[in-house]
Amino acid sequence: MGGNVYMKSFSLGSPSYVRLSDTRMVMDATIIASAKNANPINLRVYGGTPAAWPPGATAQLFGVDLYDIEVQGSSGHAALVVAISGQAV
């Protein structure tokens, strides 16, 4: 039996952070900063201290709530999240 699939791309360009999901969603996810970004984007969890992700940076996370993860970047920057086996919480 297959799991749920969630995929969302983000066109950044605001000083505001954007959540990876609008609702609570616990999944195994891969988060990717576009290799075409001119400089790093920011990623933070639970509103904490942001981490600078260089262009092309990728991380695979297991059992994370996508609602708790946020991204932010300059105009023209992009990020992608692809996740599977989700369950609403």
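**Core.** I began with the largest nonpolar core, which has 21 residues. For the term I took buried Ala, Val, Leu, Ile, Met, Phe, Trp, Tyr and Cys residues joined through side-chain atoms within 4.5 Å. Buried means under 20% relative accessible area, exposed means over 50%, and partly exposed is in between, with a 1.4 Å probe and protein chains only. Y6, F10, L20, I31, W53, L66 and V81 have the most contacts inside the core. I then listed the elements that give two or more residues to it: β1 (5–11), β3 (25–33), β4, β6 (58–65), β7 and β8 (78–88). The largest share, five residues, comes from β3. Strands here are DSSP runs of E with at least two residues, numbered from the N terminus.

**Ground rules.** This is a predicted model, where local features need pLDDT of at least 70 and side-chain atom pairs count only at pLDDT 80 or more, while totals for chains, interfaces and linings use all residues. Residues are numbered from 1 along each chain as its sequence is written, and side-chain values use heavy atoms, with hydrogens and water left out.

**L20.** Leaving aside neighbours within four places in sequence, L20 touches Y6, K8, F10, I31, L66, I69, V71 and V81.

**Sheet.** Next I looked up an open sheet of four strands, in the order β2-β7-β4-β5, with antiparallel pairing. Two strands pair if DSSP finds at least two bridges between them. β2 (14–19) and β5 (51–53) are the edge strands, each pairing on one side only. Neighbouring strands are turned by 30° against each other on average, direction ignored; the axes are lines fitted to C-alpha atoms, and angles run from 0 to 180 degrees between N-to-C directions.

Then the bridges. β4 (residues 41–45) and β7 (residues 69–73) pair over four of them, and L43 has V71 as its partner in β7. β4 and β5 pair over three bridges, where I41 has W53 as its partner in β5. That hairpin has five residues between the strands, and Y46 takes a positive phi near 55°.

**Rings.** I searched the whole structure for aromatic pairs and got zero. The cut-off was ring centres of Phe, Tyr and Trp (its six-membered ring) within 6.5 Å, with planes under 30 degrees apart counted as stacked, over 60 as edge-to-face and the rest as tilted.

The test wants NZ of Lys or CZ of Arg within 6 Å of the ring centre and within 35 degrees of the ring normal. The charged end of R44 sits over the ring of Y17, 3.7 Å from its centre. R19 lies over the face of Y67, at 4.0 Å from the ring centre.

**Two loop residues.** D68 is in the loop between β6 and β7. I checked its burial: D68 counts as buried because its relative accessible area is 11%. Not counting residues up to four places away in sequence, D68 touches R19, R24, R44, V45 and Y46.

S75 is in the loop between β7 and β8 and is exposed, at 65% relative accessible area. Its contacts, leaving aside neighbours within four places, are L12 and G13. The C-alpha atoms of S75 and G13 are separated by 3.5 Å, though the residues are 62 apart along the chain.

Technical notes: Contact means heavy atoms within 4.5 Å.
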